[in-house]
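Subject: A structure for you to look at

Hi there,

Here is the structure I promised to pass on. Have a look at it first, and then read my notes below.

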Amino acid sequence: GRGSETLVAVPDCRLLHRDLMAALPALEAVTRLGASRKAELSLAVTRSQDGPDVFVRGGKSLDAVLRAELAACAAEHGIARLTWEDETIALRHPPRQIMGRAQVVPPPGAFLQATEDGEAALIAAVRLALGSGESAPGRIADLFAGCGTFALPLAEAAEVHAVEGDSAMLAALDAGWRGSLGLKRVSTQARDLFRRPLLASELAGFDAVVIDPPRAGAAAQIAELARSDVSVIAHVSCNPATFARDAGTLKAAGFRLDWVQLVDQFRWSTHLELAARLVR
């Protein structure tokens with residue numbers, strides 16, 4: 001219960017995927033072993049092709065006994081990967097995520113889209129925004145690329161340059177690309193796009209840009225896009241307010257907002273995801 005020490009079972013949660021609900025006994029077992037009265041235990045649990053991927057912060061300090069107990073717990077409960085702070089305690093199977101034709105093993109706790117259906121809708125919207133057939137771009141810049149949610153599916157038809165501030169996520173993207181067949185070239189660049197946005201001159205030669213920033217938006221990067229000669233932008237956002245601000249900057253620079261598609265993937269919340277097409 002909020003603001004109390006009362007633990008309330010939620011046996012039929014309508015929000016979580018049934019595979020995550022099935023993992024609750026495993027999470028309870030991990031909590032019993034590793035929680036302390038000195039800190040709040042935080043578990044980030046990701047559904048993967050190979051079972052739950054569990055990332056724990058705030059637990060007891062590891063020693064030989066706790067490591068052995070946690071590893072045995074992970075094996076007993078079918079946890080694919082158990083990571084304690086910065087240490088992998090158990091790796092039964094690399095927890096794979098499917099991204100287009102690629103299989104990606106994200107770093108523990110990495111950002112991913114919330115649902116498969118929502119992700120599919122966003123990928124479809126981005127593909128629609130970029131165009132197909134004769135109008136399809138040959139070279140795309142994917143900014144705030146994460147582990148490859150958009151870059152890897154788009155690489156089925158175009159060369160992609162993926163830029164992301166988290167080098168571990170980029171390494172996962174690169175490994176997924178190298179382990180796949182039938183994809184065009186995907187290059188990667190680790191770069192903080194808030195402090196060092198891709199300059200207008202660096203954007204020269206790209207036929208289109210995909211940008212999916214965090215909730216704060218991407219004011220610095222949008223300013224460079226406005227100064228660039230990029231003609232098509234597929235803009236994905238989880239915050240309509242910062243999207244409106246950034247789209248306003250692009251509109252003032254000569255872009256037209258063709259359409260906006262809302263994706264209600266944050267079930268029973270006020271949050272909305274959106275995708276939009278902007279053309280110069």
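Predicted model: local features only at pLDDT ≥ 70, side-chain atom pairs only at ≥ 80, totals over all residues.

Let's begin with the open sheet, which has four strands in the order β1-β2-β3-β4 and mixed pairing. At its edges lie β1 (42-48) and β4 (87-91), each pairing on one side only. From one strand to the next, the twist averages 15°. Helix α2 (residues 24-34) packs on this sheet and touches β1, β2 and β3, with its direction at about 150° to that of β1.

Strand β3 (residues 81-84) runs parallel to β2 (residues 51-57), and four bridges join the two. With β4, β3 pairs in the antiparallel sense, also over four bridges. β3 and β4 form a hairpin with two residues between them, and glutamate 85 in the turn has a positive phi of about 55°.

Which residues cover its two faces? Ala208 and Val210 lie on one side and Val209 and Ile211 on the other, all of them buried. In a regular strand, side chains alternate between the two sheet faces. β10 runs parallel to β7 (residues 139-143), with four bridges, and parallel to β11 (residues 232-237), with three. Isoleucine 211 has leucine 143 opposite and histidine 235 as its bridge partner in β11. From β10 the chain crosses through helix α7 (residues 219-227) to β11, a right-handed β-α-β crossover.

Best wishes

Conventions. Residues numbered from 1 in each chain as written. Heavy atoms only, no water. Pairing = 2+ DSSP bridges. Axes fitted to C-alpha atoms, helices over the stretch in contact; angles between N-to-C directions. Contact = heavy atoms within 4.5 Å. Buried < 20%, exposed > 50% of the residue type's maximum accessible area, 1.4 Å probe, protein only. Right-handed = clockwise from strand over helix to strand, strands pointing away.
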